[in-house]
Amino acid sequence: MAAGRAHRDAPLRRARRPAGPAHPGHPGTPGGRVSAVVEVLRAGALTTVQDLGRAGWAHLGVPRSGALDPAALRLANRLVGNPESAAGLEITMTGCELRFPRAAAVAVTGASAVVRVGDRPGDVGRPLSVPAGAVLRVGPPRDGLRNWLAIGGGIAVEPVLGSRATDTLSGLGPPPLRDGDRLPLGAPAGPPAPVDVTVPPRTPTQLRLTLRLGPRDDWFTSAVLDRLFGDAYTVSPVSNRVGARLTGAALPRAVAGELPSEGIVLGAVQVPADGQPLIFLADHPTTGGYPVVGVVDDVTPLAQARPGTTVRFHGPQR
């Protein structure tokens with residue numbers, strides 16, 4: 001599907017995995033050159049290259065994309081001395097394994113997980129030194145769903161519209177990692193910045209999300225809106241970087257008929273024909289044809305929301 005084309009089934013389409021060779025090496029980090037490569041031994045279920053996204057292209061139908069938890073990626077980059085905007089890896093659910101032909105500084109942030117450099121244990125949230133020839137193993141999260149990995153110099157794949165982020169909806173950026181890929185690295189930018197490192201907190205099993213009604217809350221009755229704020233929902237397994245689909249009390253519309261496609265923003269809560277809310281995340285489409293009942297202030301907690309996580313909505317504090 002072309003980016004920006006309105007399509008009612010677009011939110012949770014499976015992304016295309018383009019065939020072809022491993023990712024080519026291209027300069028583009030602050031050092032302006034590729035200094036090394038990393039070998040992907042095990043890519044895991046879904047590991048993608050992510051940075052802070054390609055903002056400013058929504059008018060052309062291009063989503064922002066980028067890390068689902070930008071703060072976690074920024075922290076990982078600071079821990080290895082990268083600019084906060086450098087590209088790293090977003091690792092989903094099953095971990096990954098990488099071999100480093102040259103020595104490198106790395107940092108893993110996000111959910112609690114087993115990390116090993118060769119035979120040595122490592123910690124989430126702390127800088128790690130990987131010797132030449134060693135294998136870095138990031139295990140599945142103990143709780144939560146995702147980790148972010150920064151490598152000194154950043155991932156130096158070809159930028160697309162100013163970003164190296166993988167967009168799983170439009171197909172922009174590099175494809176999701178596959179076993180055998182070789183990832184180019186840029187030249188290290190500098191020493192790690194001083195940061196306060198803390199143990200990653202356990203991911204809560206219940207999320208409270210602030211929801212601001214509009215622009216199409218008038219397509220629902222007051223009783224339906226009371227249900228939205230009063231009942232609990234759970235995160236469905238049919239969720240991904242495009243959107244978190246929820247299951248629970250259906251939200252029937254009070255207004256019949258079709259809604260012309262209109263703009264969609266990060267955190268928009270769309271209500272499809274089945275009445276089950278869908279919260280749009282980083283790879284969301286830029287337009288949609290179902291009514292948006294409201295917009296979530298901060299979708300970052302959903303980056304770690306496993307299927308079955310409870311979600312409750314509340315209005316903004318006054």
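1. Basis. The model is predicted; local features need pLDDT of at least 70, side-chain atom pairs count only at pLDDT 80 or more, and totals for chains, interfaces and linings use all residues. Residues are numbered from 1 along each chain as its sequence is written, and side-chain values use heavy atoms, with hydrogens and water left out.

2. Whole chain. The protein chain has 2 helices and 20 strands (DSSP runs, H or I of at least four residues for helices, E of at least two for strands, numbered from the N terminus). Of its 318 residues, 50% are buried (under 20% relative accessible area; exposed is over 50%, partly exposed in between; 1.4 Å probe, protein chains only). The chain exposes about 13,600 Å², 54% of it from carbon and sulfur atoms (Shrake-Rupley method, 1.4 Å probe).

3. Contacts across the sequence. Take contacts (heavy atoms within 4.5 Å) between residues at least 6 apart in sequence: 77% join residues at least 24 apart.

4. Thr 48. This residue sits in strand E2, residues 46-50. Thr 48 counts as buried because its relative accessible area is 1%. Beyond four places in sequence, Thr 48 touches Gly 88, Leu 89, Glu 90, Thr 166 and Pro 176. Its side chain also makes a polar contact with the side chain of Gln 50, at 3.0 Å (a pair of N or O atoms within 3.5 Å; within protein, one must be able to donate a hydrogen and the other to accept it, and residues adjacent in sequence count only if both atoms are side-chain atoms).

5. Gly 263. Strand E15, residues 262-263, holds Gly 263. Gly 263 is exposed, at 56% relative accessible area. The C-alpha atoms of Gly 263 and Thr 287 are 4.4 Å apart, though 24 residues separate them along the chain.
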